[in-house]
Amino acid sequence: MIRISQRSITLDKTQRHRKMSVFRTKLFEGCVAIVTGGATGIGRAITYELLTLGCKVVISSRNGARLKATVEEFSNVGTITSTVCNIRKENDVRNLISTTIARHGRLDFIVNNGGGQFLSPAADISLKGWNAVTETNLTGTFLVCREAFNQWFDKNGGVIVNIIADMWRGFPMMSHTGAARHAVFNLTQSLAIEWADKGVRINSVAPGLILSPTAAANYERNIFDEVKGNLPAKRAGLPEEISSAVCFLLSPGAAYISGATLRVDGGSSLYTTMFWNVPDHKSLKAYNWIPPAKL
């Protein structure tokens, strides 16, 4: 099991619950969002920031206990509820959308963050494992988009942000999620055009290496320390740096952005040491401001 100190991931209780969003207070007041996978990792950070900005948030995942714990922890921050949902199951997704609309009377935002993968050479991935990853990351995203559109966005408009990955140069050891996430990249572009006349904007965020307790638990060794020297920023990103990007794409400030993908990776997707080697650095202004953890 990977060993990372709790301090390296979170700050003390006072700091963890300080509202640190760069966006104006009540930016999303009166809005309703669904965040799949909203109880852990990147989804948890997105949920928290949306709540601090006045948005009502419905989180979903297959794990009811995690949902309950997150709802209880964030109940004093804003209006948060949960629905157990396996995004690979069509009826679960239909229920997620319909119960949200019934509960809140509207639906403004979808953040397709739910997903999963595991490390494996392609030759060792079973069909069951391949299907599990591609159905969760690709089919699940499609189902949530489709049901949100058919049940609400078709008549009322809305905004969707899909979380994908840094898979631009292939994804060795995770070919299943690389294939699925690249397909979501293309799906985002297709839906941005098909649904433009309905007032729907849809974009993607592609995180690089992001350090969170959830991500750390997925790996048997400390890959974050192993690879950070190979990153242009010389550090992993934080979930809060993804949530800020998501909130921007949901906001009126992104009203003319649709079908785009925002890479939040410190330049990692562009970097190769074949022709250029970024030296170690710790104090350059472009990288030394790291937002305090919100959680």
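**Exercise 1. In which sense do β4 and β5 pair, and over how many bridges?**

This is a predicted model, in which local features need pLDDT of at least 70 and side-chain atom pairs count only at pLDDT 80 or more, while totals for chains, interfaces and linings use all residues. Residues are numbered from 1 along each chain as its sequence is written, and side-chain values use heavy atoms, with hydrogens and water left out.

Step 1. Helices (H or I, at least four residues) and strands (E, at least two) are DSSP runs, numbered from the N terminus, and two strands pair if DSSP finds at least two bridges between them.

Step 2. Between β4 and β5 there are 4 bridges, and the pairing is parallel; within it, F109 has V159 in β5 as its bridge partner.

Step 3. β4, helix α6 (residues 127-156) and β5 together make a right-handed β-α-β unit, where right-handed says that, with the strands pointing away from the viewer, the path from the first strand over the helix to the second runs clockwise.

**Exercise 2. Follow the sheet from β5 onwards, and then state the order of its strands.**

Step 1. Strand β5 (residues 158-163) pairs with β6 in the parallel sense over 6 bridges; G158 has V200 in β6 as its bridge partner, V159 stands opposite R201, and I160 stands opposite I202.

Step 2. From β5 the chain passes through helix α7 (residues 175-194) to β6, and this β-α-β crossover is right-handed.

Step 3. β6 is in turn joined by 4 bridges to strand β7 (residues 261-264), which runs parallel to it, and P207 has V264 in β7 as its bridge partner.

Step 4. The open sheet is formed by 7 strands in the order β3-β2-β1-β4-β5-β6-β7, with parallel pairing. β3 (80-84) and β7 stand at the edges with a single partner strand each, so one side of each has no neighbour in the sheet.

**Exercise 3. Decide whether the residues of β5 and β6 are buried or exposed.**

Step 1. Buried means under 20% relative accessible area, exposed over 50%, and partly exposed in between (1.4 Å probe, protein chains only).

Step 2. In β5, 6 of the 6 residues are buried, so this strand is largely enclosed by the rest of the structure; G158, I160 and N162 lie on one side, and V159, V161 and I163 on the other.

Step 3. In strand β6 (residues 200-207), 8 of the 8 residues are buried, so β6 too is largely enclosed by the rest of the structure. V200, I202, S204 and A206 point one way, whereas R201, N203, V205 and P207 point the other way.

**Exercise 4. State how confident the prediction is along the chain.**

Step 1. pLDDT is the predictor's confidence in each residue, from 0 to 100; the protein chain has a mean of 89, and 86% of its residues reach 70 or more.

Step 2. Over residues 1-18, however, the pLDDT is below 50. Where pLDDT is low, the predicted coordinates should not be read in detail.

Notes:
Contact = heavy atoms within 4.5 Å.
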